[in-house]
Amino acid sequence: MSVSFARAMLPGIVAATASLHPSRAPRHAALVRVTHWITAACFLALLVTGLEIVISHPRFYWGETGNSGTPVLFKIPIPSSRNTVPSGYNYVLPDQNGWSRYLHFEAAWAVVLTGLLYGLWGLWTGHFRGNLFPARGDRTPGAFLRVIANHLRFKRPDASEALSYNALQRVSYLVVVFVLFPLVIVTGLALSPGFNAAFPFVVNSLGGRQSARTLHFFVSISLTLFLLIHVAMIFLAGFWTRMRAMITGNVTLREERR
Amino acid sequence: MSKISRRKFITGGLVATAGVAGVAAAGSVAKRYGLIPPDCGGIYGPGETLTYAAQRLLTRHANAREFSRSMISKVPFANELAPPNDNFKRLQAGGFADWRLTLDGMVSQPTSFSVSDLKALPRRSQITEVVCEEGWSYVAEWIGTPLFEVLNAVGFLPQARYVAYFSIEPDWWESIDMADALHPQTLITYAMNDADLPVPFGGPLRLRVPRQLGYKSVKFITRMTVTDSMKKFGKGLGSASPEAGYAWYGGI
C-alpha cells in the first residue's frame with residue numbers, strides 16, 4: 001500500500017520540485033546525511049580497532065572470569081598479539097592495542113553523541129514514525145513476504161523505492177538503530193571497570209564480565225553483517241543514485257526510471 | 001544567496017560560535033574540577049578527556065564489585081614478566097625483609113615502610129576482579145593496607161593531586177589521581193588468597209587499583225610520590241603507559 005501510495009504521489013512530488021530543479025526530488029534530510037556519514041566513519045574505526053583488540057586475546061568465555069588458563073566457550077583460530085595466549089601459532093603479531101583502545105573509545109564517544117542527536121531529532125520530527133516504522137499496509141506477513149520474494153528474485157527496486165524505504169529496509173534500520181546500537185553500547189560499557197563500579201547491575205544482568213565481552217563480539221558481528229548487506233543492496237539498487245541521495249540529499253528521478 | 005540560505009548561514013554561524021564557546025567554557029570548568037587527564041593532548045585527547053571526565057563525575061565514590069568467596073578463580077592468571085633484575089633477586093634471597101616502600105613528595109613526613117611495617121597498619125581484604133585490557137580476567141582475594149591509611153600516616157599536603165608509584169623494575173611506573181588514591185579499595189597488597197603475595201602476582205608489594213585495568217596495578221612497588229602535577233615525571237603524560245601508547249586512565 002505504501003508502495004502504491006508513493007507511486008501515486010510520485011507525479012505530485014515531481015511537479016512540486018519541478019519549479020526548483022527539474023526531475024529532482026528531496027530524499028534525505030541534512031541531519032540524516034551528516035549523522036549517517038559520521039556513524040559510518042566511526043563504525044569503521046570501531047571495527048578495525050575492535051579487531052585489533054580481539055587479536056590480543058582471541059578467546060571467548062561465558063560468566064564472570066576467563067583467561068588463558070581456563071576453558072574457552074570458543075576461540076578464533078588466528079594468531080595473537082600476545083605470547084601468553086595459546087593460539088596454536090608459533091609467532092606473535094605486533095601489539096596494536098594502545099592506539100586501538102584510544103581510537104576505539106574516541107570513536108565510541110563520537111558515535112554515541114551522534115546517535116543521541118539523531119535519536120532526539122528523529123523523535124522530534126517524526127522521522128522514525130514517518131520514514132522508518134513500516135507503513136500501515138506493510139505491517140502484514142504477506143507484505144514482508146512480497147518484499148523478500150522481490151529481493152530473492154533480484155528484482156530491481158521500483159522507482160518509488162528511491163523515495164521511500166520498503167518494509168524490510170524499515171525493519172532492518174529500526175533493529176540497527178533501536179536494538180543493535182544500544183546493545184553494542186551497553187555490552188561495551190559493561191567491559192569498563194569504572195562503569196561497572198558505578199552501575200554493577202548492567203554487567204551482572206548480562207551474566208558477568210566475560211559474557212558481556214562475548215555478547216559485545218556477537219553484536220559487533222551482527223552490525224558488520226548489516227553493513228555488508230547494506231552496501232551490497234546499494235550496489236544492486238544503483239550505487240550512484242543511492243550515494244548521491246545520501247550525499248546531496250536529492251534523488252534524480254529520470255535516472256531512477258532508466 | 002537566497003534569503004533561506006542566508007538565514008541558514010547565520011543560524012549555522014551562531015550555532016558554531018556557541019559550540020566553540022561552550023567547549024572552551026567546559027574546558028576551563030573541567031580543568032578547575034580536575035577532569036582533564038595528563039595525556040589530554042594529541043588526536044586521541046578529546047576522547048580520553050571525555051572518558052576520564054565522565055567517569056570522574058559518575059563514579060568518583062563508586063566501589064568496584066566485590067565477589068563471594070566461591071567466585072575466587074581456581075586458576076588465577078599471572079601475566080608474563082621479564083626476568084627480575086639483580087636488585088630484586090638480592091631482596092628475594094633475603095625473604096624481602098629488606099624490601100622498602102618509600103613515600104615522599106608532598107607529604108609532611110617522608111617515610112620508608114618495610115612489609116611488616118605495612119602489616120602493622122589497618123588491614124583490608126577484598127575479593128575483586130583483575131581485568132586486563134587484553135580481555136581476560138580472574139577473581140582473587142587481595143589483602144593489604146589501604147593506600148589512604150599510608151597517606152594519612154605520612155600526612156599528605158592539601159595541594160596533592162596525584163600519587164605516582166614505581167616498580168623496582170626500571171621504566172615501570174604509574175600514577176593515579178587523589179579520587180583513586182584515597183579510595184578505600186585502593187590497596188597496597190601484600191597477600192593474596194590467604195598467603196603472601198606470590199612473586200608472579202607482584203609480591204612482595206603490589207598496588208591494586210580495582211576500579212582500573214590491570215596495568216594500573218603495578219607489581220613490586222618500592223616508591224610512591226605525592227605530587228600536584230605529573231608534568232615533571234617522565235615525558236609528562238602521567239605514567240609509563242602513555243609513553244608506550246596506552247591511555248593513562250584505565251577505567252575503561
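Student: Which residues have the most contacts inside the largest nonpolar core?

Tutor: In soluble globular proteins, nonpolar side chains tend to be buried together. In this predicted model, the largest nonpolar core has 64 residues. Those with the most contacts inside it are Val163(B), Tyr165(B), Leu205(B) and Ile221(B).

Student: What does Tyr165(B) touch, leaving out residues up to four places away in sequence?

Tutor: The partners of Tyr165(B) are Trp173(B), Glu174(B), Leu207(B), Val218(B), Ile221(B), Arg223(B) and Met224(B). Apart from the 64-residue core lies another core, of eight residues. Phe181(A), Ala212(A), Leu215(A) and Val219(A) are among its members.

Student: How many helices and strands does each chain have?

Tutor: Chain A has 10 helices and four strands, and chain B has seven helices and 10 strands. Along the sequence, the pattern of chain A reads α-β-α-β-β-α-α-α-α-α-α-α-β-α. The C-alpha trace of chain B spans about 85 × 40 × 30 Å along its principal axes.

Student: What percentage of the residues of each chain counts as buried?

Tutor: In chain A, 29% of the 258 residues count as buried. In chain B, 43% of the 252 residues do. As for sequence separation, take contacts in chain A between residues at least 6 apart: 66% of them join residues at least 24 apart. For chain B the figure, counted among contacts between residues at least 6 apart, is 66%.

Student: How do H2(A) and H3(A) pack, by angle and by distance between axes?

Tutor: Two packed helices are described by the angle between their axes and the distance between the axes. For H2(A), residues 30-55, and H3(A), residues 97-125, the angle is about 155° and the axes are 8 Å apart. The two helices are therefore roughly antiparallel to each other, the cut-off for that term being over 145 degrees. H2(A) passes H3(A) in a left-handed crossing. The residues of this contact divide into 15 nonpolar, eight polar and two charged.

Student: At what angle do H2(A) and H9(A) pack?

Tutor: Their angle is about 140°, with the axes 13 Å apart. H2(A) and H9(A) are therefore oblique to each other. The crossing of H2(A) past H9(A) is left-handed. From H2(A), the contact is made by Arg33(A), His36(A), Phe43(A), Leu47(A) and Gly50(A). From H9(A), the residues are Ser220(A), Thr224(A), Leu227(A), Met246(A) and Ile247(A). By class, the contact of H2(A) with H9(A) has five nonpolar, four polar and one charged.

Student: How many residues does each chain give to the contact between chain A and chain B?

Tutor: Chain A gives 31 residues and chain B gives 37. On the side of chain A, the elements that give two or more residues are H3(A), H7(A) (193-198) and H9(A) (209-248). H3(A) supplies the largest share of that side, nine residues. The side of chain A that touches chain B has nine nonpolar, 16 polar and six charged residues.

Student: Which residues of H3(A) meet H2(B)?

Tutor: Tyr102(A), Phe105(A), Glu106(A) and Trp109(A) do. Their partners in H2(B) are Pro46(B), Gly47(B), Glu48(B), Leu50(B) and Thr51(B). The axes of H3(A) and H2(B), the latter residues 45-59, come within 8 Å and cross at roughly 75°. H3(A) and H2(B) are therefore roughly perpendicular to each other. This contact has five nonpolar, two polar and two charged residues.

Student: Which residues join in a cis peptide bond?

Tutor: Most residues other than glycine have a negative phi, and most peptide bonds are trans. Here a cis peptide bond joins Gly203(B) and Pro204(B), with omega about 10°. Pro204(B) sits in the loop between S8(B) (195-196) and S9(B) (206-208).

Student: Is Asp194(B), with its positive phi, buried or exposed?

Tutor: Asp194(B) counts as exposed because it has 9 C-beta neighbours inside 10 Å. Its phi is about 65°, and its place is in the loop between S7(B) (187-192) and S8(B). Phe220(B), with phi near 60°, is also a residue other than glycine with a positive value. Phe220(B) is found in the loop between S9(B) and S10(B) (221-227). With 25 C-beta neighbours inside 10 Å, Phe220(B) counts as buried.

Conventions. Residues are numbered from 1 along each chain as its sequence is written. Chains are lettered from A and ligands numbered from 1 in the order in which they are written. This is a predicted model: local features need pLDDT of at least 70, side-chain atom pairs count only at pLDDT 80 or more; totals for chains, interfaces and linings use all residues. A nonpolar core is a set of buried Ala, Val, Leu, Ile, Met, Phe, Trp, Tyr and Cys residues joined through C-beta atoms within 7 Å. A residue is buried if 20 or more other C-beta atoms lie within 10 Å of its own, exposed if 12 or fewer, and partly exposed in between; C-beta atoms are placed from the backbone. Two residues are in contact if their C-beta atoms, placed from the backbone, lie within 7 Å. Axes are lines fitted to C-alpha atoms, for helices over the stretch in contact, and angles run from 0 to 180 degrees between N-to-C directions. Angles under 35 degrees count as roughly parallel, over 145 as roughly antiparallel, 65 to 115 as roughly perpendicular and the rest as oblique. A crossing is left-handed if the near helix is turned anticlockwise from the far one by less than a right angle, and right-handed if clockwise. Ala, Val, Leu, Ile, Met, Phe, Trp, Tyr, Cys and Pro count as nonpolar, Asp, Glu, Lys and Arg as charged, and the others, Gly among them, as polar.
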